[in-house]
Amino acid sequence: MHSKSNPVVWFEIYVHDMERAKSFYEAVLAIKLCEMPAPTAEMTMEMWSFPMDRETGMNTYGAGGMLVKMEGKSSGVGGTMVYFGCEDCAVEAARAVSQGGILIKEKTSIGEHGFIALVQDTEGNMIGFHSMVCKPSE
């Protein structure tokens, strides 16, 4: 079966310190996260969702996701790599460093596919930023 939509529908970034992680992502991405209730009363977890276009649902480009703090799930490098789309990935990478993150790979061309930058967040997770256009000043 061939699907024309984005096959990635969700992501979770596991964190140890939710307040620190929330502050990092809100500052770096210039967004506000929304608190989400646990799926069931038996599940003890704290979840904060990245903004999504709820008007159009899953018909928009990109995947929804959230920060999750729960027993048995630890943060750190080696899990899933999440790339955040942006206008100029160097800007978000610099913000990440200013918020306590660590620059792993500065803005790098990936040819016709644009540019990426990699950072380690305050929880030890490796994340990426992706942009398409090279700014005129570069």
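**Reading strands, burial and pairing**

In this predicted model, Glu35 stands opposite Trp48 in S3.

Q: What makes S2 and S3 paired strands?
A: Pairing takes at least two bridges between two strands. Three bridges join S2 to S3, so the pair qualifies. The two strands run antiparallel.

Q: How do you know that S3 and S4 pair, and in which sense?
A: Five bridges link S3 and strand S4 (residues 64-70). The cut-off is at least two, so S3 and S4 count as paired. Their sense is antiparallel. Within S4, Lys69 is the bridge partner of Glu46.

Q: Why is strand S3 called mostly covered?
A: Strand S3 spans residues 45-49. Four of its five residues are buried. Buried means under 20% relative accessible area, so four of the five fall below that value.

Q: What makes S5 and S6 the edge strands of their sheet?
A: Four strands form this open sheet, in the order S5-S8-S7-S6, with mixed pairing. Strand S5 (82-85) and strand S6 (102-109) each have a single partner strand, so one side of each is left without a neighbour in the sheet. From one strand to the next, the twist averages 20 degrees.

Q: How do you know that S5 pairs with S8?
A: Four bridges join S5 to strand S8 (residues 126-131). At least two are needed, so S5 and S8 pair. The two strands run parallel. Gly85 stands opposite His130 in S8.

Q: Which helix lies across S5 and S8?
A: Helix H1 (residues 18-29) does, running at about 15 degrees to S8.

Q: Why is Glu92 called buried?
A: The relative accessible area of Glu92 is 11%. Buried means under 20%, so Glu92 qualifies. Glu92 is found in helix H2 (residues 89-98).

Q: Which residues is Glu92 in contact with, leaving aside its neighbours within four places in sequence?
A: Val28, Leu29, Cys86 and Phe129. Contact here means heavy atoms within 4.5 Å.

Q: Why is Ala30 called exposed?
A: Ala30 has a relative accessible area of 59%. Ala30 sits in the loop between H1 and strand S2 (34-36).

Q: What is the phi of Ala30?
A: Phi is near 55 degrees, a positive value in a residue other than glycine.

Technical notes:
Residues numbered from 1 in each chain as written. Predicted model: local features only at pLDDT ≥ 70, side-chain atom pairs only at ≥ 80, totals over all residues. Heavy atoms only, no water. Buried < 20%, exposed > 50% of the residue type's maximum accessible area, 1.4 Å probe, protein only. Axes fitted to C-alpha atoms, helices over the stretch in contact; angles between N-to-C directions.
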